[in-house]
Amino acid sequence: MNTPPQVDDLTVRLSGPCLGNRDASGPAWRSGGSAELAIKDVTQKRPRPLARRLSVGQRTALVAAFESGVEQKNLAVQYGISVRSVKRLIRAAGDAGAAALHT
């Protein structure tokens with residue numbers, strides 16, 4: 001049994017991005033871009049909270065290292081976190097004392 005051409009066309013359009021035919025309904029891709037860059041990676045997981053990425057001892061050592069003169073960007077690389085996270089830990093330690101590192 002043959003399927004009508006409209007159904008075949010719909011099946012092709014729904015099976016993936018259509019990079020060549022910009023008049024067809026569906027996602028509009030930037031000219032010159034590739035499909036791999038345009039499709040969002042749905043397997044990427046959300047980052048864990050900062051309190052779960054570093055133990056209390058690591059957070060305490062990070063703040064102590066900063067107070068002894070180690071640069072924030074070096075601490076970020078050493079602990080595998082962003083500079084913003086380093087700043088957040090340092091600010092929390094200064095605002096509420098050592099109790100902030102235990103939460």
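These legends walk you through a few close-up views of a predicted model.

View 1. Start by getting your bearings: the chain has six helices and zero strands. Read from the N terminus on, the order of elements is α-α-α-α-α-α. The chain holds 103 residues, and 19% of them are buried.

**View 2. How confident is the predictor, and where?** The chain's mean pLDDT is 74, with 50% of the residues at 70 or more. Which element has the highest mean pLDDT, and which the lowest? Helix 5, residues 72–79, takes the top spot with 95. At the other end is helix 2, residues 35–38, with a mean of 52. Keep those two helices in mind when you look around the model.

**View 3. A65, a buried residue in helix 4.** Helix 4 covers residues 56–67, and A65 is part of it. Is A65 buried or exposed? Its relative accessible area is 18%, and buried means under 20%, so A65 counts as buried. Now find L75: in sequence, A65 and L75 are 10 residues apart. In space, their C-alpha atoms are 8.0 Å apart.

**View 4. V83, partly exposed in helix 6.** V83 belongs to helix 6. With 33% relative accessibility, V83 falls between the cut-offs of 20% and 50%, so it counts as partly exposed. Look for Q72 as well: V83 and Q72 are 11 residues apart along the chain, and 6.2 Å separates their C-alpha atoms.

View 5. Which residues form the positive surface patch? They are R84, K87, R88 and R91. Zoom in on R91, which sits in helix 6, the helix made of residues 83–96. R91 counts as exposed because its relative accessibility is 53%, and exposed means over 50%. Compare that with V83 from the previous view, which is partly exposed at 33%.

Note on methods. Residues are numbered from 1 along each chain as its sequence is written. This is a predicted model: local features need pLDDT of at least 70, side-chain atom pairs count only at pLDDT 80 or more; totals for chains, interfaces and linings use all residues. Side-chain values use heavy atoms; hydrogens and water are left out. Patches are made of residues with over 30% relative accessible area and no salt bridge: like charges are joined within 9 Å, nonpolar side chains (Val, Leu, Ile, Met, Phe, Trp, Tyr) within 5 Å. Accessible areas come from the Shrake-Rupley method with a 1.4 Å probe; for residues, only the protein chains shown count as cover. A salt bridge is a side-chain nitrogen of Lys or Arg within 4 Å of a carboxyl oxygen of Asp or Glu. Lys and Arg count as positive and Asp and Glu as negative; His and the chain ends are not counted. The place of a charge is taken as NZ of Lys, CZ of Arg, CG of Asp or CD of Glu. Helices (H or I, at least four residues) and strands (E, at least two) are DSSP runs, numbered from the N terminus. Buried means under 20% relative accessible area, exposed over 50%, partly exposed in between (1.4 Å probe, protein chains only). pLDDT is the predictor's confidence in each residue, from 0 to 100.
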